Amino acid sequence: MTQNLLNAGMRRLLRPITEVHDHELGTTLRLTVRIFLVMVAYYLLKPTREALILADGSAELRSYAVAAQALLLLLILPFYSYFSRRHVGEGLFVGVTLFFISNLVIFYFLGVSGVSLGLVFFIWLGIFNVTQVAQFWALAADIHSVESGQRLFALIALGGSLGALVGSQVAEQLFEVLGPFQIMLVAVGVLVAGILVGMGIRRDEERGERRRESPASGYQALLGGLAPVLRDPYLRLIALFVVMLNCINTTGEFILADLVVAHVEESLVEGESKGALIGSFYADFFFWVNLLSLLFQLFLVSRLYRFVGVQGALLILPLIALSGYALMAFIPIFAVVRAVKILENGTDYSIQTTTRHVLFLPLTVEGKYDGKTAIETLFWRTGDLLQAGVVFIGVSYLGFATQQFALVNMLLAALWVIVALRIGQRYKALACPVDKSGYYPPEMAEPPPRYAEAKPAARGSGSGE
């Protein structure tokens, strides 16, 4: 009786965000707290990353370091795929988390011993971010159906937005007190708590297939998670979308970092630390980004899905990028760049991130784990690699300044809008309900994976057969 009253009270509390059923409450809250802790750990480490890389190098070095992550992920992905075929769901998440925890402990001892870690830690944290978050959302997509995922992902992602906000605020307070290396140990404790809080997360056993048992062989084993992406046109479109997203966003980060370094150097007085000022700026910047992200997650995401659908929500960030970089091109000053990047990143971390994870709900388990991890890691960093090429050519050969880089991003954003439209059309076809006769959209070559057991019906002349 008491448990029922608690559940009813919790559901009423969450109702302004989304509807949660009684049997979903425990797992949803565990997932929400877990992503909260993952993002707290990440944002504790972000100012350390920026301070180490920018204090010892430059904005250009930062961009090239981002590109190195893509090359490492290309080598790592087949090993991940091999491991993921033997450990799925909660076991996979815990294994990946423990690996990263061991890395942080090693970084701590190297850092306090005086070893320069700026470049290496920057590369590592980028890999940690995309891989750890991908594992979380692959697990969440495996647990939920299309219907429940569209309802609950906005709430779960709210935990991530709140964690990022808290992490950035705590980092701002701790950075000057503890220094960059002691913060690593705090992050270790937070990640351990994330493992513990997930105990009890379980998959709904009524939900279709488990992971395939047959091991990959030949070229598929070498490709790892690339194989499902190369086979599936829907996954290829998502991969292209992610490449463009990260190329545009990271080029914007370069523009901001370049202006931050110039701004700090102009305002630096004797006795002040350049690295501390940069770390302080980014801690404050991340706070405002994550506050905006939290507000969007609370009041916009679930309502957008109801009023404009997943397809409409997918268009919001590309349109913001298109207009924002057009504004930067005409008014290339520090305050404008900072404001545009806060809006862009706040939208990315809330509306766009949640919607991107929703796109994987109609897929098979292979698509959710192997395909999603390949897209969220390798293809994500391929966008960084493309951006590094843009920065290298723009700085070294073309003499680009803020305005020219903003114009490049504006043109890319226009193409990005077109890709978003195509993905929205395919998602609608995959996620739409099958009627009682078993029909599915005639333009699809195969039935949606979610409805693989539905009785196939004749597709007629529009099937393309």
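Trainee: Let me start with a side chain: how accessible is Glu90, and is it buried or partly exposed?
Mentor: Glu90 has 22% relative accessibility, so it counts as partly exposed. Buried means under 20% relative accessible area, exposed over 50%, and partly exposed in between, with a 1.4 Å probe and protein chains only. Keep in mind that this is a predicted model, where local features need pLDDT of at least 70, side-chain atom pairs count only at pLDDT 80 or more, and totals for chains, interfaces and linings use all residues. Residues are numbered from 1 along each chain as its sequence is written, and side-chain values use heavy atoms, leaving out hydrogens and water.

Trainee: Which salt bridge does Glu90 make?
Mentor: Its side chain meets that of Arg34, at 2.8 Å from N to O. A salt bridge here is a side-chain nitrogen of Lys or Arg within 4 Å of a carboxyl oxygen of Asp or Glu. Arg34 lies in helix α2 (residues 22-56) and Glu90 in helix α4 (residues 90-112), so the pair ties together parts that are 56 residues apart in sequence. Helices are DSSP runs of H or I with at least four residues, strands are E runs of at least two, and both are numbered from the N terminus.

Trainee: And Arg34, buried or exposed?
Mentor: Arg34 is buried, at 0% relative accessibility.

Trainee: How many salt bridges are there?
Mentor: The structure holds 7. One of them joins Glu253 and Lys341, with the closest N and O atoms 3.4 Å apart. Glu253 sits in helix α9 and Lys341 in helix α13, so this pair ties together parts 88 residues apart in sequence.

Trainee: What about Glu147 and Arg151, where do they lie?
Mentor: Both are in helix α6 (residues 146-197), 4 residues apart, which is about one turn of the helix. Glu147 is partly exposed at 41%, whereas Arg151 is buried at 12%.

Trainee: Switching to packing: how do α9 and α12 sit together?
Mentor: Helix α9 (residues 233-267) packs against α12 at an angle of about 35 degrees, with the axes 12 Å apart. The axes are lines fitted to C-alpha atoms, for helices over the stretch in contact, and angles run from 0 to 180 degrees between N-to-C directions.

Trainee: Which residues meet there?
Mentor: Among them, Phe241, Leu245 and Ile248 are on the α9 side, and Leu314, Leu317 and Tyr325 on the α12 side. Contact means heavy atoms within 4.5 Å.
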